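Please look over the sequence and the model below before reading on. The text after it goes from the overall build to a single residue.

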Amino acid sequence: MFIQTETTPNPASLKFLPGRVVMEKGTVDFRSVKEATNSLLAQKLFKIEGVEGVFFGSDFISITKSEGIDWQILKPSILNVIADQFESDT
């Protein structure tokens with residue numbers, strides 16, 4: 001599965017585009033794992049050290065990282081979690 005990434009105006013956030021529908025309607029913004037009780041994907045993403053926020057849009061997932069953590073370290077883990085989630089849904 002190929003997942004595109006896009007920068008955002010906030011250097012601490014990165015947009016991941018899995019090429020699939022993420023949210024049928026609306027958006028959801030998780031600021032902690034406690035807020036993510038209804039989303040297994042968001043819970044898995046919060047288990048990655050350095051993930052501070054998860055936002056689901058219609059066709060993207062935006063991740064906000066902790067200060068001092070490099071995207072080059074975080075991206076592979078995030079990509080794996082997203083790919084595993086969408087591949088298991090097929």
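The model is predicted. The protein contains 2 helices and 5 strands. Read from the N terminus, these elements come in the order β-β-β-α-β-β-α.

As for overall dimensions, the C-alpha atoms occupy a box of roughly 35 × 30 × 25 Å along the principal axes. The radius of gyration is 12 Å, and a compact globule of 90 residues would have a value near 12 Å, so the two agree. The accessible surface amounts to about 5500 Å², and carbon and sulfur atoms account for 50% of that surface. Of the 90 residues, 41% count as buried.

The contacts can also be sorted by separation along the sequence. When contacts between residues at least 6 apart are considered, 54% of them link residues at least 24 apart.

One residue can now be followed in detail. K65 belongs to strand β5, which covers residues 61-65. Which side chain of opposite charge is nearest to K65? That side chain is D70, 6.9 Å away. A salt bridge requires a side-chain nitrogen within 4 Å of a carboxyl oxygen. K65 has no salt bridge, although K65 is buried.

The side chain of K65 does reach a backbone atom: the oxygen of I69, at 2.6 Å. Beyond the neighbours within four places in sequence, K65 is in contact with P11, A12, G50, E52, W71 and L74.

Methods: Residues numbered from 1 in each chain as written. Predicted model: local features only at pLDDT ≥ 70, side-chain atom pairs only at ≥ 80, totals over all residues. Heavy atoms only, no water. Helix = DSSP H or I, 4+ residues; strand = E, 2+ residues; numbered from the N terminus. Buried < 20%, exposed > 50% of the residue type's maximum accessible area, 1.4 Å probe, protein only. Lys, Arg positive; Asp, Glu negative; His and termini not counted. Polar contact = N/O pair within 3.5 Å; in protein donor to acceptor, adjacent residues only side chain to side chain. Contact = heavy atoms within 4.5 Å. Rg over C-alpha atoms; globule rule 2.2 N^0.38 Å. Areas by Shrake-Rupley, 256 points an atom, 1.4 Å probe, with all protein chains shown as cover.
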